[in-house]
Amino acid sequence: MRTFDFSSWQAVLSTLLGLALFSLVVVGIRLLFMHTVQLRRERENRQINERLRTLIAAYKVLGGSFTGNLMVDPTHLRDRQLEESVEAGSSLPADDDAGAPGPGRPGAERRRRIRDAVEAALSDVILLGTEEQVRLAARAAQDMAAGRAVETAALVVSLRNFIRDVLDLDAVPSEVEVPKQGPTRPAGGGARAQDRGREGARASGGGGRAGSAAGGGMGGIGMGANRTHPVDDADPSSPHE
């Protein structure tokens, strides 16, 4: 209070203006600081949400199965065709992963789709995963590139623990034994149902065309019969006369 001068109204007015200016500067600095912190938090939240969403999607792809063959077959369709051509003594095929699997390789298309999905999931984990997850994903990618079968169970466990920790969920109880998880197997029933629907539509369309053709032929016979009888009746040399 010693710095405040209340000896005259001019001094009081200057003192109040100085206090208002000082308060305005302090409040402005505080608002700018809070706005900067809020923008940083929003950016971090967006990054965390995007990272978490990507890793959850990768977890569903890499660990969606508990039964069956949990290994990823890295063999490409060209390699399978090469093996078949070597066994049969034929020439090297020119296609690479283009076309349906041959009849001698049942489920090759399904294995190819699993391999492609796992490759994309491993790429996402290498980009956004933790140090441990990147190490496991890189090892799996190296095995896949070398043509060795890939097991994703360890990477799935790491992803599960990380996701539950980020979402602030309780850890999986130690007495609960979770079986090994493998890549999600794509459903192929929809494509077969569509193929059967197209075949049925083609069959019904062919039957309709055959029926219309038969109807047209019968109509032509009837019209021909109607034209012949009046000619016979009008002929004076007809034996009925």
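**Helix packing and a pocket in a predicted model**

Me: Happy to walk through this with you! At what angle do α3 and α4 pack?

Reply: This is a predicted model, and the numbers come from its atoms. Two packed helices are described by the angle between their axes and the distance between the axes. For α3 and α4 the axes lie 9 Å apart, and the packing angle is about 145 degrees.

Me: Which class supplies 10 residues to the contact of α3 with α4?

Reply: The crossing of α3 and α4 is left-handed. On the α3 side the contact uses R115, V118, E119, L122, V125 and I126, and on the α4 side Q133, V134, A137, A138, A140, A141 and M144. Sorted by class, one residue is polar, two are charged, and 10 are nonpolar.

Me: Now to the helix that spans residues 9-62: how far apart are the axes of α1 and α3?

Reply: Helix α1 covers residues 9-62. Its crossing with α3 is left-handed. The two pack at an angle of about 145 degrees, and their axes are 9 Å apart.

Me: How many charged residues are in the contact of α1 with α3?

Reply: From α1 come R51, T54, L55, A58, V61 and L62, which meet A117, V118, A121, L122, D124, V125 and L128 in α3. By class, this contact has 10 nonpolar residues and one polar residue, and the charged ones number two.

Me: Are α4 and α5 roughly parallel or roughly antiparallel?

Reply: Helix α4 (residues 131-145) and helix α5 (residues 153-166) have axes that come within 9 Å and cross at roughly 160 degrees. Angles over 145 degrees count as roughly antiparallel. That crossing therefore makes α4, relative to α5, roughly antiparallel.

Me: Let's turn to the largest pocket. Which element gives the most to its lining?

Reply: The largest pocket holds about 200 Å³ of space. Its lining consists of N69, M71, V72, D73, G107, R110, R111, I114, P183 and R185. Two elements give two or more residues to that lining, β1 (71-72) and α3 (108-128). With three residues, the one that gives the most is α3.

Me: And how many charged residues does that lining have?

Reply: Among the residues lining the largest pocket are D73, R110, R111 and R185. By class, the lining has four nonpolar and two polar residues, and its charged residues number four.

Terms used: Residues are numbered from 1 along each chain as its sequence is written. This is a predicted model: local features need pLDDT of at least 70, side-chain atom pairs count only at pLDDT 80 or more; totals for chains, interfaces and linings use all residues. Side-chain values use heavy atoms; hydrogens and water are left out. Axes are lines fitted to C-alpha atoms, for helices over the stretch in contact, and angles run from 0 to 180 degrees between N-to-C directions. Helices (H or I, at least four residues) and strands (E, at least two) are DSSP runs, numbered from the N terminus. Angles under 35 degrees count as roughly parallel, over 145 as roughly antiparallel, 65 to 115 as roughly perpendicular and the rest as oblique. On a 1 Å grid over the protein atoms alone, a cavity is a set of points where a 1.4 Å probe fits but cannot get out, and a pocket is an open set with protein on both sides within 12 Å along at least five of seven lines; lining residues have an atom within 4 Å of a point. Grid points are joined across faces, edges and corners, and a volume is the space filled by probe spheres set on the points. Ala, Val, Leu, Ile, Met, Phe, Trp, Tyr, Cys and Pro count as nonpolar, Asp, Glu, Lys and Arg as charged, and the others, Gly among them, as polar. A crossing is left-handed if the near helix is turned anticlockwise from the far one by less than a right angle, and right-handed if clockwise. Contact means heavy atoms within 4.5 Å.
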